Amino acid sequence: MSFELVTNMIPSGDQPEAISKLTTNFDAGIDRQTLLGVTGSGKTFTIANVIAKTQLPTLIISHNKTLAGQLYQEFKELFPKNKVSYFVSYYDYYQPEAYIPASDTYIAKEVEINDLIDKLRLEATSNLFEGADNIVIASVSCIYNIGDPRVFGDKTFDLKIGDNWSRRQLFEEFVKLYYTRSELEFKRSQFRLRGSNVEIWPSSADWIIAIEFSPDDKIISITQRNPFSGHEFDLQKYRLYPAKQFVGASGELKDIIAKIRSDCALEVEKFKSQGKILEAHRLEQRVDYDLEMLQELGYVNGIENYSLYFEPGRQTSDPPYTLIDYFRHLWRDKFLTVIDESHVTVPQVHGMYGGDFSRKTNLVEFGFRLRSAFDNRPLKWEEFNDRLSKVVYVSATPSEFEIKDAHDNVIEQIIRPTGLVDPPITIKATKDQIPNLIKEIASRVAKKERTLVVTITKKMSEDLANYLSDEKKTGVKLKVAYLHSDIETLERSDILDKLRSGDFDVLVGINLLREGLDLPEVSLVAILDADSQGFLRSRSSLIQLMGRASRNVEGQVILYADSISDAMNAAIKEVNRRRQIQLKYNQEHGITPQTIIKSIRARIIEKPADKTLEIPIISVDTLSLTPNQRKHHISSLKKEMRTAAADLNFELAIRLRDKILEIEHLFHHLF
């Protein structure tokens with residue numbers, strides 16, 4: 001299929017010129033470009049039109065899950081007939097394996113995997129093999145190793161009506177793709193026998209495949225069925241993809257195990273020759289355990305640390321296979337990469353490798369991992385950049401790198417389709433700033449508009465939010481919330497939706513109120529300590545913050561400062577430059593600005609209502625319990641922990657986990 005853009009909107013403002021320049025430049029062989037699009041100018045719609053015109057498979061990389069989710073929803077709406085996928089880190093909670101030599105502390109890897117995101121990731125890699133009409137919205141996790149796409153593509157299994165299969169042979173094929181047989185509960189990545197027929201739940205699907213056999217073991221029907229609604233339709237054939245992203249090569253497992261043992265023996269001898277007996281014993285014990293699991297099950301947790309041995313042709317220090325290699329494998333250099341909010345995403349990609357290498361160094365040098373663990377890593381920047389073909393950097397504030405890498409091919413998109421102009425900026429002294437701020441907020445509340453207040457620290461955001469919420473102190477009744485990095489990702493989305501819907505009047509935050517937030521109800525952005533030095537008050541940060549007020553016709557920015565810093569001066573000049581261009585365009589075309597009206601979208605992952613435990617199970621006095629009661633109590637805690645995790649209540653799950661560890665540690669010492 002080809003890409004088909006489905007929308008009632010038509011390009012307007014300077015969108016048509018931007019679309020034309022981007023596509024014309026690609027046709028002319030200019031493969032690196034930068035789209036400088038102001039907040040609210042419709043950069044997403046411009047990129048959608050470029051995709052429709054170039055017909056290129058597209059990878060869109062965002063710097064965080066929240067913005068990636070927003071883009072995923074928008075592109076799903078714009079391309080409902082094509083394959084739009086979501087590929088972000090599937091960890092709701094992630095504590096990487098690490099060793100701290102100074103305190104001799106080993107930290108085991110501990111993760112909570114989100115089952116829905118795991119399904120969406122597998123759906124993304126499977127979709128890529130089903131045609132070129134693919135758009136994948138990814139976070140920077142797409143630069144981590146997920147295995148060779150050639151192996152993933154080869155490890156598929158085709159079911160066709162008329163094929164002959166004994167149940168045993170069929171089950172063996174399923175197991176080779178890492179599916180497991182279901183005995184009780186039936187869920188994704190499992191298969192089961194129903195009478196003489198077989199059902200399998202594909203790892204990337206919301207439905208099951210039912211296979212009916214004739215008495216002589218011939219497939220006579222293949223049915224796709226929704227397991228909840230019961231809705232079904234018949235298929236002539238079906239291609240099944242692996243249940244895991246990282247799959248082993250088709251080579252002999254015994255040869256792979258022999259190679260790992262050989263390399264382990266060399267490293268053990270090296271440790272012994274250096275007098276590191278503990279490290280030698282530790283490494284030998286760890287690898288022996290992993291290889292036993294691998295031999296029995298064909299898979300082991302942490303198999304990615306042995307990825308080098310499973311990837312044919314890959315040598316030590318060679319770049320890992322990532323999502324980008326799927327695009328390269330399938331379409332060579334005929335694909336498009338869009339780097340969203342590039343002024344943040346590019347530095348993030350730059351920094352990934354160094355942090356990973358530093359952590360792995362301690363693990364390898366102290367015998368916790370083989371040296372092959374170094375090859376399970378993210379791409380270095382140079383490797384990432386070399387793998388890209390056609391690139392569009394998208395940002396309202398592109399850095400010098402994006403401009404230089406695009407060889408000054410910068411396309412400006414400054415005119416908004418709604419006619420909205422960049423907000424006017426007022427500078428006010430810090431003396432009596434809070435009383436003045438309260439007055440400004442109150443005037444917005446009276447008009448049912450919202451306010452963002454930007455502070456410099458988390459403590460300040462919490463204290464200010466508490467103060468503004470206290471009607472006795474302020475004399476005004478305000479509904480206030482704060483937003484910073486300590487708040488869970490799902491809860492952040494809830495807070496933003498509640499601000500838009502009117503549950504809150506004011507949102508106080510730091511750096512999360514910058515890129516990509518689409519809040520048309522916000523008419524005031526107040527920036528405290530605007531003249532401070534550093535990243536949080538850089539030219540780029542200030543422009544991004546000011547942009548949050550540009551989606552409302554009443555938008556205004558107040559900078560509270562006692563001096564004008566260089567960053568402030570540069571940011572104000574740039575915003576005023578854009579404002580003048582926008583005002584002139586509106587005047588020439590007789591446009592009256594209008595506030596953006598946008599519905600609140602349903603979330604990708606719905607968070608259930610909080611469940612209150614019927615029994616205050618965490619506060620039980622464990623010292624009063626007998627050994628049998630203690631075992632029963634730990635069992636109850638574990639059950640509640642799993643329930644909390646399934647309900648996405650990870651804060652409660654972590655508290656329960658810590659309580660379990662505390663009880664186990666206490667009774668270990670007592671008995």
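Over which residues does pLDDT stay under 50? In this predicted model, that stretch is residues 607-616. The model has 5 contacts beyond four places in sequence for residues 607-616. Where pLDDT is low, the predicted coordinates should not be read in detail.

**Confidence along the chain**

The protein chain has an average pLDDT of 87, and 90% of the residues score at least 70. Strand S2 (residues 58-61) holds the highest confidence, at a mean of 97. Confidence is lowest in strand S4 (residues 91-95), where the mean is 70.

**Aromatic pairs**

Across the whole structure, a search finds 25 aromatic pairs. One of them joins Phe327 and Trp331 in a tilted arrangement, with 5.7 Å from centre to centre and 55° between the planes. Phe327 and Trp331 both belong to helix H10 (residues 323-331); because they are 4 residues apart there, about one helical turn separates them. Phe327 is buried, and Trp331 is buried as well.

Ring pairs also build a cluster elsewhere in the chain: Phe157, Trp165, Phe171, Phe174 and Phe191 are linked in this way.

**Charges over rings**

Two arginines have their charged ends placed over aromatic rings, Arg167 over Phe213 and Arg282 over Tyr99. The table gives the distance from each charged end to the ring centre.

| Charged residue | Ring | Distance to ring centre |
|---|---|---|
| Arg167 | Phe213 | 3.9 Å |
| Arg282 | Tyr99 | 6.0 Å |

Definitions and conventions
Residues are numbered from 1 along each chain as its sequence is written. This is a predicted model: local features need pLDDT of at least 70, side-chain atom pairs count only at pLDDT 80 or more; totals for chains, interfaces and linings use all residues. Side-chain values use heavy atoms; hydrogens and water are left out. Rings of Phe, Tyr and Trp (its six-membered ring) pair if their centres lie within 6.5 Å; planes under 30 degrees apart count as stacked, over 60 as edge-to-face and the rest as tilted. Helices (H or I, at least four residues) and strands (E, at least two) are DSSP runs, numbered from the N terminus. Buried means under 20% relative accessible area, exposed over 50%, partly exposed in between (1.4 Å probe, protein chains only). A charge sits over a ring if NZ of Lys or CZ of Arg is within 6 Å of the ring centre and within 35 degrees of the ring normal. pLDDT is the predictor's confidence in each residue, from 0 to 100. Contact means heavy atoms within 4.5 Å.
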